[in-house]
Amino acid sequence: AAAFPELSSKLKYFDALDMVGYNYKEQFYEADHKRFPKLPIIGSENGHSLAAWKAVRDNEYISGQFLWTGIDFLGEARGWPIRGSLAGLLDTAGNEKIGYFRRKALWSSEPVLYLATRIDPADTGKTPGTPEMYPAELYRSWNYQPGQPIQIICYTNLAEAELFCNGKSCGVEARTDDREYIAWTLPFERGTLEVRSISSTGAPVKDTLESTLPAVKLRLRFWEPDAASRSCNPDAVDPAAAHRTVGLYRLNQIELDLLDEKDRLCTTENPLIRISLTGPGKLAGIENGDLSDCSEYAAPQRRAYRGKLIIYVLNPAEGGEKTTLTVSAEGYADSILCRKG
C-alpha cells in the first residue's frame with residue numbers, strides 16, 4: 001500500500017513490487033499507469049465516493065479497491081459519545097447498513113432495487129449529507145407524520161424505476177451515470193410504498209416498504225449459517241458447528257427483533273431490553289450496532305437499535321442442564337429461548 005505514491009513512485013519503491021496499492025490516490029492512476037504500464041494497480045485503501053468507484057469501473061488496469069471499511073469498529077471516533085468509526089457497510093452487530101445496499105447497486109451484476117427514506121432535507125433547515133456519501137441519514141422505514149415531506153431514495157443499477165404510493169403512480173425517474181440512486185419527494189401517507197422496474201432480461205423487479213404498527217413482540221432466534229456461509233465453511237454443515245467453542249463453552253449468537261402485530265420489523269423503536277439467564281449459561285455480551293451507545297457490553301440490558309439487538313451467551317459445550325434466556329421490555333410480552341449445549 002502506497003500512501004504517497006506521488007513520492008514513492010519516484011524513489012524506485014515500486015521496483016520491488018509485483019503489484020502496487022494506492023491509498024486514496026485515484027487521481028494518480030492514469031498518469032502512473034503510463035509511467036508503469038506493466039505494473040498492476042489496485043486500490044489498497046479507498047473512500048466510499050462514487051468517483052473512487054468509477055476509477056475502478058472505467059479503467060481496466062485497476063483491478064479493484066478495498067473500502068475503509070467493511071464493518072464499523074471501535075476507535076477512530078469522531079467525538080463523544082460516538083466511540084468508533086461509522087465508515088462500515090455493516091454495523092458492529094453485523095447488520096447491513098443502508099450503505100451496504102448502495103454498494104450492492106454499484107457492484108452487483110444482479111438487478112438491485114432498494115428503498116430508503118428520510119425527512120426531506122429542505123424541510124429540516126440543515127445542510128444535508130448527500131445520499132451517496134451519508135446513507136446513515138436514511139432509514140428503511142415508511143413511518144412519519146402525515147403530510148410531512150419525505151425524500152425517497154431508491155438505490156439501483158437499473159436504468160429507471162417507477163414509484164407507487166398506495167397503488168398510485170408517483171412517476172418514473174431515470175438513473176444517471178453520476179449517481180447510483182433515483183429520488184422522489186412526497187408528502188407522507190401511511191400505507192405501502194413500492195418501486196418497480198424491469199431487468200435487462202425483461203423480468204419485473206420491485207421493492208416494498210410498509211408503514212408498521214407499534215411494536216408489540218420481541219422475537220428471539222438462534223443465528224444459523226446460511227447456504228453461502230456453509231459453502232465457505234464446510235465444518236458448518238451441521239448448524240451447531242457454526243457456534244464458536246471457547247474452552248468448555250460454546251458461544252451462541254441470538255438475534256432479537258422488534259415486531260408489530262403483523263410480524264413486521266419496527267426499525268424506529270429502541271426500547272430498553274433486559275436480559276436474564278437461568279441454568280449454566282453465561283451472558284458474554286450484548287451488541288446493538290449503535291456506536292453512540294456507551295453501555296457496558298457485559299451489562300444485562302441494552303437498548304435495541306433500529307429494531308434489532310444481538311445477544312451472546314456462553315453455554316456448556318457438552319450436554320448438561322438447559323440454559324433459559326428471557327428478554328423483557330416495558331410494554332412488551334417476555335420472550336424466552338432455551339438451549340442445551
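**Aromatic pairs in a predicted model**

Trainee: How many aromatic pairs are there, and by what rule?

Mentor: The count comes to twelve aromatic pairs; rings of Phe, Tyr and Trp (its six-membered ring) pair if their centres lie within 6.5 Å, and planes under 30 degrees apart count as stacked, over 60 as edge-to-face and the rest as tilted. This is a predicted model, where local features need pLDDT of at least 70, side-chain atom pairs count only at pLDDT 80 or more, and totals for chains, interfaces and linings use all residues. Residues are numbered from 1 along each chain as its sequence is written, and side-chain values use heavy atoms, with hydrogens and water left out.

Trainee: Why is the pair of tryptophan 53 and tryptophan 107 called edge-to-face?

Mentor: The ring centres of tryptophan 53 and tryptophan 107 are 6.3 Å apart and the planes stand at 80°, so the pair is edge-to-face.

Trainee: What makes tyrosine 100 and phenylalanine 101 a pair, and of which kind?

Mentor: Their ring centres lie 5.0 Å apart with planes at 75°, so this pair is edge-to-face. Tyrosine 100, at 31% relative accessibility, counts as partly exposed, whereas phenylalanine 101, at 16%, counts as buried.

Trainee: How do you know that the charged end of arginine 196 sits over a ring?

Mentor: The rule asks for NZ of Lys or CZ of Arg within 6 Å of the ring centre and within 35 degrees of the ring normal. The charged end of arginine 196 sits over the ring of phenylalanine 164, 3.8 Å from its centre.

Key
Buried < 20%, exposed > 50% of the residue type's maximum accessible area, 1.4 Å probe, protein only.
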